[in-house]
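Good morning, and thank you for coming. I would ask you to keep the sequence and the model in view while I speak.

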Amino acid sequence: MNQAALHKLLSSKKENQSLDELFELRLVTNLTLIKDLFFSLYPEEHYRATFQKLLKQFSKLYNSRPENLKQQDVDRLKKGNWYQSEKLVGSQLYVDRFNKDLKGLHNKLSYFEELGINFLHLMPLTTRPKGENDGGYAVNSYDKIDAKYGTQKDFVKLTETLRKKKMYVMLDFVVNHTSNEYSWAKKAIAGNKKYQEYYYTYADRKVPDEFEKSLPEIFPETSPGNFTFVLEMNKWVMTCFNNYQWDLNYTNPEVFLEMLANLVNLVNLGVDVIRFDALAFLWKRIGTTSQNLPEAHILTSLFRMCLQVVAPGTILLAEAIVAPTDIIKYFGEDGRKGNECEIAYNASLMALLWNSIATKEIGLLHKSLINLPQKPKDSTWINYIRSHDDIGLGMDDFFIHEMGWNPQEHRKFILNYYCQFLDWSPAKGMLFMYNPKTGDGRITGSAASLLGLEKGIEENNSNLINEAINKINMLHGIIMAFTGIPLIYAGDEIATLNDYSFLKDKNKKEDSRWINRPYHNWETVANLEFKNTPESKVFFALKKLIALRKKHSVFADTNNIDFHNTGNNHILVFERKAKEGILILCNFNTSREVIDGNWITKLGYLKNQMFRDIITDKKIKLNSGFLELNPYQIFWLKKF
Ligand code: GLC
């Protein structure tokens, strides 16, 4: 049930309930569903006692929640779907790379305020193995802050300030795996049977070999296969990601109970949104890819319904970077509609935008967007261009075929375009996890480098530099106007280029995702006001877009988006509709493109042959009845 509906239901019972009464009511309200979900994963005849244990756990978890957060939970429920607001704009950052540690970040909050950012995704902060640790996604603890970032107190203090400033914070919950140094893994290694059953451990290769027949490889270059032999334990353990990341065995309900407690402990530090990491992998079954299985959805919903009882002010983001039609299922389908994650990454939009930049055409983007099923009305997207991860080409083969292209050849072209295998391409990216067995590969690189800025600067080519700036601004203009929360990858607001220093670090050099995890350049920031550089052009354009987005309530996500087909295969057009509408047009081609003005007149955005662009705040006249767009130009048209 969504936040607003739950509040309505609870407040219809009685006026002025205490916080504790409201908790009891939430428990009673969600109980049947929780029970159904639990027993559909863990058969009632075997696990009645475990379910009773879960029930007992609720009050303990609730009592551990700080009073001010309990109050905030209730206030948030009253507010309804706060995460769909046009006022929310996010940034994703590595705390140490941004400004040393949590205190350093605390001191720089004004930087975000100036830009208009009020939602921060902080990359993993908890303890992790010293050597390779997948950027902290191999966790040694779920709530102990790693000393390099500071202390738990520093984090709590930061969240207090953020709350005062009406800013939100998102942290990861690495729900699918722990590191091989996590306390359970250590006990398993020491021979403790109970904890060996917290993971998928096997004495021989029989079961692993069966699994391998259908499991894909996530990191084929650095961690081929999905099982690792642990000498001390004399057993194989499932490790779908890196060999030091052990997959949790959720067929064991004790794992769920303990992970729920871990989740609540993390949330109780003052986290507003939990990024549910790699949730598509939560359930494994021989003979399948073990991704997106129905049980993974049931488990997600179970976490969500339990968290809603204890801490309803905290919501979940699905990190499911899977096929477009699979992503949308993490909002919950059918009986579970609206009962899984409130937010999901719009990985399809991200991949398709990069596809359109490379092809200069919007056909595939348009086709894919209009064919995506409508998401539930209480859910929203995170729209982004770049993140700390690679860009996977998660486009639908069916639509690639419909474009008249061969999917394999098409993907090869995109990889070649971005990964420096085509002389004429302006992009400077790197190939990530190329799998010669399947021909699959992914792309890494910073947005600015992938869009040609690095090459432009190297070649001192002002055309290329300007084109790159326009591309960056256009992509930012698209995610600012799309349905959902725009998330800027820290550094992109100052057009940060690739960082090649990872090649010299033995723990990072095999993982080219580090090319886009740079230290924040505060010198550039200090000079933004005074220089006419690409960095300042990007920064101030973005600042303006953010302010404009926040000014127009039409950008709140009520699923109010329409896609239009103008017949011009280079121009993407979509409309945000409410009382007032905004029509977004952008040109993906390197040359000037036109569309027929009559068509826009019909939509109501033209008057006396003039249209009004709110980005430049200019009225512009049609040219012989045609609207012209320069290469990579974007308009946000408003009616007169
Ligand atoms: C997510 C993270 C990625 C990490 C993986 C395994 O996909 O975004 O960086 O490698 O999970 O935890």
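A closed barrel of 8 strands runs S1-S2-S3-S9-S10-S11-S12-S15, with parallel pairing. From one strand to the next, the twist averages 25°. Helices (H or I, at least four residues) and strands (E, at least two) are DSSP runs, numbered from the N terminus. Two strands pair if DSSP finds at least two bridges between them.

A word on conventions. This is a predicted model, in which local features need pLDDT of at least 70 and side-chain atom pairs count only at pLDDT 80 or more, while totals for chains, interfaces and linings use all residues. Residues are numbered from 1 along each chain as its sequence is written, and side-chain values use heavy atoms, with hydrogens and water left out.

Let us look at some pairs within the barrel. Strand S2 (residues 119-122) and strand S3 (residues 168-173) run parallel and are joined by 3 bridges; His-121 has Met-170 of S3 as its bridge partner.

How many residues of strand S12 are buried? Strand S12 (residues 380-384) has 5 of its 5 residues buried, where buried means under 20% relative accessible area with a 1.4 Å probe, protein chains only. Thr-380, Ile-382 and Tyr-384 point one way from S12, Trp-381 and Asn-383 point the other way, and all are buried.

I turn now to the helices. Two packed helices are described by the angle between their axes and the distance between the axes. The axes of helix H12 (residues 253-267) and helix H13 (residues 294-310) come within 11 Å and cross at roughly 50°. H12 is therefore oblique to H13, oblique being the class left over when angles under 35 degrees count as roughly parallel, over 145 as roughly antiparallel and 65 to 115 as roughly perpendicular. Which residues make the contact between H12 and H13? From H12 they are Phe-256, Met-259, Leu-260, Leu-263, Val-264 and Val-267, and from H13 they are Leu-299, Leu-302, Phe-303, Cys-306, Leu-307 and Val-310; contact means heavy atoms within 4.5 Å.

Helix H16 (residues 363-371) has as its buried residues Gly-363, Leu-364, Leu-365, His-366, Ser-368 and Leu-369. These pack against several elements, among them helix H15 (347-359), helix H18 (407-418) and strand S17 (571-576).

Finally, consider strand S21. In a regular strand the side chains alternate between the two faces of the sheet. Strand S20 (residues 606-607) runs antiparallel to S21 and is joined to S21 by 2 bridges. In the hairpin of these two strands, with 2 residues between them, Asn-608 takes a positive phi near 50°. S21 and strand S22 (residues 618-621) pair in the antiparallel sense over 4 bridges, and Asp-613 is bridged to Lys-618 in S22. The hairpin of S21 and S22 has 4 residues between the strands, and Asp-617 takes a positive phi near 55°.

How values were computed
Axes fitted to C-alpha atoms, helices over the stretch in contact; angles between N-to-C directions. Buried < 20%, exposed > 50% of the residue type's maximum accessible area, 1.4 Å probe, protein only.
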